[in-house]
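Have a look at the model first, then read on.

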Amino acid sequence: MNIHGNIVAGIPVEDMTSEVRAAIGQLSDENALLRAALAETRERVQELERTADSDVLTPLPNRRRFLAELERAVSRANRHGTPSAVLFVDLAGLKAINDAHGHFAGDAALIHVAGLLAGLIRTTDCAARVGGDEFGLILDHLDHNSAIETAERIARCIATNPLDIGGSELALESAIGVATVLTGDTVEDVLRRADRNKARAKRDG
């Protein structure tokens, strides 16, 4: 609708009937409401996009986001040979914690470890909760030896930072599998190696 000053679509406002002026006013109000509704819809879509990538319990991203980041890391390795590593961190004994202290304590343990992991990685890295008791890390520009050292540091950090549950401390342990992203890898290749190495770490640990 073309409105300029006191002229609407080339017709002076004073020449219009009251019914026409009322209809124009109603259309203007409806237009404003529509713009507000569209703005609210955009905000809701953005919020849904954010929550779709977020874990429901911890402050970390979820498996969906982790896989998307891993896809990018694999693509960089194949195009440019950019090194990176994937760590699968298994919180050992979560079922025993739930059985002995309740699910609240188990959830608190997951949140506690998530906070530790978030504090240990760089802004270019990714830490996510990828399963019930499992976290996944993607460490950018890290070769295999450096990734092993990082895994050992993470394991020490978890072991030396017990969870406080109502005045008593609960020791936590982890098993960590490391896989380097190699040129020619697929996402499935990396996940398979990291999972296999995590299983070996649990068995040997």
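What follows is a short tour of the sheet, strand by strand, and then of its helices.

This is a predicted model, in which local features need pLDDT of at least 70 and side-chain atom pairs count only at pLDDT 80 or more, while totals for chains, interfaces and linings use all residues. Residues are numbered from 1 along each chain as its sequence is written, and side-chain values use heavy atoms, leaving out hydrogens and water.

Four strands make up an open sheet, lined up as β5-β6-β4-β9 with antiparallel pairing. The edges are β5 (126-129) and β9, each of which pairs on one side only. On average, neighbouring strands are turned by 15 degrees against each other, direction ignored. Strands here are DSSP runs of E with at least two residues, helices are runs of H or I with at least four, and both are numbered from the N terminus. Two strands count as paired if DSSP finds at least two bridges between them.

Here is how the pairs compare:

Now for β4 (residues 84-92): eight of its nine residues are buried, meaning under 20% relative accessible area with a 1.4 Å probe, protein chains only.

Contact means heavy atoms within 4.5 Å. Helix α6 (residues 187-204) lies across β4, β6 and β9, at about 150 degrees to β9. Such angles run from 0 to 180 degrees between N-to-C directions, with axes fitted to C-alpha atoms, for helices over the stretch in contact.

Key: Buried < 20%, exposed > 50% of the residue type's maximum accessible area, 1.4 Å probe, protein only.
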